[in-house]
Amino acid sequence: MKTYVPNEPIAAIATALGPSALAVVRTSGAGCIDSVSRIFSRPKTLLNSAGGTLIHGWICGGEKKTEKIDEVMLGVYRAPKSFTGEDMVEIFCHGGTAPVSAVYRLLLQNGFKAAQAGEFTFRAFVNGKTDLTRAEAVREIIDSKTDESRSRACGRLAGSLYGELDNIKHLILSSLAALEADIEYPEDENAVAGVFNFEDLIFARDKLAVLISSWKSEKLYQDGVRMVLCGRTNAGKSSLFNALLKEDRAIVSDIHGTTRDWLESWISFAGIPVRLFDTAGLRRTDDIVEQAGVERTLDLTDEADLLLYLIDASEGETEEDSLMIGRLQKKRKPLVIVWNKTDKAPAGRQTGSPPHIAPAAESFSRSAELTKKSHELPCVYISAKTGSGLADLTETVKNLLLSAAGGTESGSAGNALAGSERLQAGFGSLRQKKAADEALDSLNHAIAVPSLDLTLDAAVQDMEDALSFLGEITGEVGADDILENIFSRFCVGK
């Protein structure tokens, strides 16, 4: 375990060290207000200030503490009304390596110890200002890639997960109290299984199962997926790549084989972080460089979580398309057929053509329907040039990814429990999910006690075990190695 010494004065640079308008140097611990006053131009004002106030002045150094280092604002927080639960002073100085480093060095020369990674949040935890689910949510917010993933982490930071777990624990505790009363005051000498009412325990088990089912979708919004655009040359992959990014990243040309290597970029697909790859066109070629690009494309499809295969709607599905789609299907990954260039499809009757695309010829409509039937794959009709159909593509991809993740979204899980409220929480880390799995196993065993013809004492032990595992999630029960693993991944200054 890292050597965190609670209440010892610590300091850290809490913002990125580089050119900026402002920077924050954070301090916490016993005597930190007094220590900062020794290098502040208005020491009496700082010492007499109430918590939750801002003070303007200068950080001063030199032998006589008269050399002005930087003009600053001090945020003063007095225990226990602070992030760490201790006295704190946050120094808002000018950004830039020189002024921030100078302020930080002065603090270290005046009684402060350099804070370790995660030490501020660790102090908040040990001082009861937060629990482990909220502490881990801080890390999630920092790492979030989309507004949706940030929003979900903010829900945990606000206590949605803690509240849900607390409700489950109360159900178990009330059941445990009733069960122990049955054991303590039995009608006869042997308390037998079947006397106790397991209704609340079953409800707690079902609520926990719903929480666990949200893990895959929560992980999807946290980690994101790899999505590869593939298809024949000139099918419009680079155009779609640019359209989804809303910028001209890839070179677009009517010349076949323009894209020789792959490009990648992170984008948000309806809130899901997607690492999108634009790849070389798939075709037989004698060009050694282009062939290397084709091989790289095939390698990327092996690593992808979802594939988009583009077909040129103005040409229809070719034999080469059919062979390549069949080859990709063998990889057993989510695959969407994207009919691109619908704006170029020749005008004609719209018999059977999708209603949300530009007027298309009967031949195009028939070809698209045949593709659906022959490959049994979802099809989307778009024009990367005009933007038509991109919303449908986004929705189709989102639904496929959520379906692959188990089809459950926290916050919109619907009636996962009959007549229950909509789920408003989800697990934010694998550690939390594993502990919940253990708790669920214990509850299932407790509920099975009557069928196993065991005494009620067995159910008591299982229920206590379940409470212990749930306590690990929030930090009420925990080992040093778990705490070190969580807080060591934080930034210095957080």
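1. Let's start with serine 28, which sits in strand β2 (residues 22-28); strands here are DSSP E runs of at least two residues, helices are H or I runs of at least four, and both are numbered from the N terminus. This is a predicted model, where local features need pLDDT of at least 70, side-chain atom pairs count only at pLDDT 80 or more, and totals for chains, interfaces and linings use all residues. Residues are numbered from 1 along each chain as its sequence is written, and side-chain values use heavy atoms, with hydrogens and water left out.

2. Serine 28 is buried, at 0% relative accessible area (buried means under 20%, with a 1.4 Å probe and protein chains only). Its side chain makes a polar contact of 2.9 Å with that of threonine 84 (a pair of N or O atoms within 3.5 Å, one able to donate a hydrogen and the other to accept it; residues adjacent in sequence count only if both atoms are side-chain atoms).

3. Lysine 341 lies in the loop between β11 (335-340) and α13 (362-375). Lysine 341 is also buried, with a relative accessible area of 13%, and its side chain has a polar contact of 3.4 Å with that of aspartate 312.

Definitions and conventions: Buried < 20%, exposed > 50% of the residue type's maximum accessible area, 1.4 Å probe, protein only.
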